[in-house]
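This report describes a single protein chain for a reader who has the sequence and the structure at hand. Please consult both while reading the sections that follow.

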Amino acid sequence: MARYYDLHPDNPQPRVLRQVVDLLRADGLIAYPTDSCYALGCQLGNRAGVERIRELRRLDDRHPFTLVCRDFAQLGQFVKLSNAVFRQVKAAIPGSYTFILPATPEVPRRLQDPRRRAVGVRVPKHTVTQALLAELGEPLLSSTLLLPGEEEPLTQGWEIKERLDHLVDAVVDAGDCGLEPTTVVDLSGPEPEILRRGAGDLSRFE
C-alpha cells in the first residue's frame with residue numbers, strides 16, 4: 001500500500017520532505033506533482049524503479065526518461081550544451097519544458113536514447129518539486145504519469161492513491177497541479193525540433 005504525503009503547496013514541511021527522500025533513497029518509486037502534471041519518479045541509480053515505470057506505463061526500451069533537475073547548474077552536469085543551446089535553455093528555465101540533449105558520461109547508457117546518446121532534462125517551476133530536489137541533492141529520474149490507453153495524465157493525489165495504491169510506494173499531494181504535459185524540444189540536432197506541444201511558450205523554438 002502506497003504511503004500518502006500531504007505537503008503544503010507554498011511551504012512544504014521539512015519533516016515530510018525528509019520522509020519522502022528517505023523512501024527514494026531506499027529505492028522507492030513515487031508519484032509527485034510538477035508545474036505541468038503529475039510524474040513518476042525514482043533515484044537515478046534505481047534500476048528496479050525504472051523497470052516499474054516501464055511496466056506501469058507499458059513503455060518499451062526505447063522510450064526516453066527525463067532527469068528532473070533543481071537548477072541550471074545541476075542540469076549542466078548531465079547534458080552537453082553548445083553556446084547557442086546554452087542561451088536557449090537558460091532563458092527557458094525554470095518552466096514547463098523538457099529538452100532532449102546529448103548526454104554526458106554521468107548518465108547511465110541504459111537511460112539514454114540508443115541512437116543519439118541523448119537524454120531529456122527539465123527544471124520545473126514548482127515549489128514542492130524544488131524543495132524535494134533540494135532535499136534529495138540529485139535529479140529525479142521521471143516520466144509523465146500518463147496511464148496506458150488514457151489521453152490525459154492523472155492530476156489528483158487522492159485519485160492516484162486509489163488507482164496506483166499497490167504500484168507505487170508513495171503519493172506526494174500538494175494540491176492541484178497542471179493538466180498539460182511539458183513541451184518537449186529536441187536540441188540535440190542542428191535545429192530545434194518540437195516533439196510534443198504542451199505547456200510552455202513554443203514561439204522561441206519555432
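Arg 117 lies in the loop between E5 and strand E6 (118–122). Helices (H or I, at least four residues) and strands (E, at least two) are DSSP runs, numbered from the N terminus. The phi angle of Arg 117 is near 55°, a positive value in a residue other than glycine.

A positive phi, near 55°, is also found at Arg 58, likewise a residue other than glycine. Arg 58 belongs to the loop between helix H2 (47–57) and strand E4 (66–68), and its positive phi comes just after H2. With 69% relative accessibility, Arg 58 counts as exposed.

## Basis of the model

The structure is a predicted model, in which local features need pLDDT of at least 70 and side-chain atom pairs count only at pLDDT 80 or more, whereas totals for chains, interfaces and linings use all residues. Residues are numbered from 1 along each chain as its sequence is written, and side-chain values use heavy atoms, with hydrogens and water left out.

## Overall architecture

The chain contains six helices and ten strands. Its radius of gyration is 16 Å, close to the 17 Å that the globule rule gives for 206 residues, so the chain is as compact as a globular protein of that length. The radius is taken over C-alpha atoms, and the globule rule is 2.2 Å times the number of residues to the power 0.38. The C-alpha trace spans about 45 × 35 × 30 Å along its principal axes.

Of the 206 residues, 53% count as buried. Among contacts with a separation of 6 or more, 64% join residues 24 or more positions apart; a contact means heavy atoms within 4.5 Å.

## Surface and charge

The accessible surface of the chain is about 10000 Å², and carbon and sulfur atoms contribute 46% of that area. These areas come from the Shrake-Rupley method with a 1.4 Å probe; for residues, only the protein chains shown count as cover.

The chain carries 26 positive and 29 negative side chains, and the centres of the two sets are 6 Å apart. Lys and Arg count as positive and Asp and Glu as negative, while His and the chain ends are not counted. Each charge is placed at NZ of Lys, CZ of Arg, CG of Asp or CD of Glu.

## Cysteines

How many disulfides does a search of the whole structure find? The search finds zero, a disulfide being a pair of cysteine sulfur atoms within 2.5 Å. Cys 69 is in no disulfide, and the nearest cysteine sulfur, that of Cys 42, is 14 Å away. Cys 69 counts as buried, at 0% relative accessibility. Cys 37 also counts as buried, at 2%.

## The cis bond at Pro 94

The peptide bond from Ile 93 to Pro 94 is cis, with omega near 0°. Pro 94 lies in the loop between helix H4 (83–92) and strand E5 (97–102), and Ile 93 is placed in the loop between H4 and E5 as well.

Ile 93 is buried, with a relative accessibility of 14%. Beyond its neighbours within four places in sequence, Ile 93 contacts Phe 72, Phe 99 and Val 123. The C-alpha atoms of Ile 93 and Arg 122 are separated by 7.8 Å, although the two residues are 29 residues apart along the chain.

## Helix H2 and strand E3

The buried residues of H2 include Gly 49, Val 50, Ile 53, Arg 54, Leu 56 and Arg 57. An α-helix has 3.6 residues a turn, so residues three or four places apart point the same way. The cover over the buried residues of H2 includes E3 and strand E7 (140–144).

Strand E3 (residues 39–43) contains Gln 43, which is buried at a relative accessible area of 13%. Leaving out residues up to four places away in sequence, Gln 43 touches Leu 24, Arg 25, Leu 136, Glu 138 and Leu 141.

## Gln 130 in helix H5

Gln 130 is found in helix H5 (residues 127–136) and is partly exposed, with a relative accessible area of 21%. Apart from residues up to four places away in sequence, Gln 130 touches Cys 69, Arg 70, Val 123 and Pro 124. Gln 130 and Asp 71 are 59 residues apart in sequence, and 8.8 Å separates them in space, C-alpha to C-alpha.

Definitions and conventions: Buried < 20%, exposed > 50% of the residue type's maximum accessible area, 1.4 Å probe, protein only.
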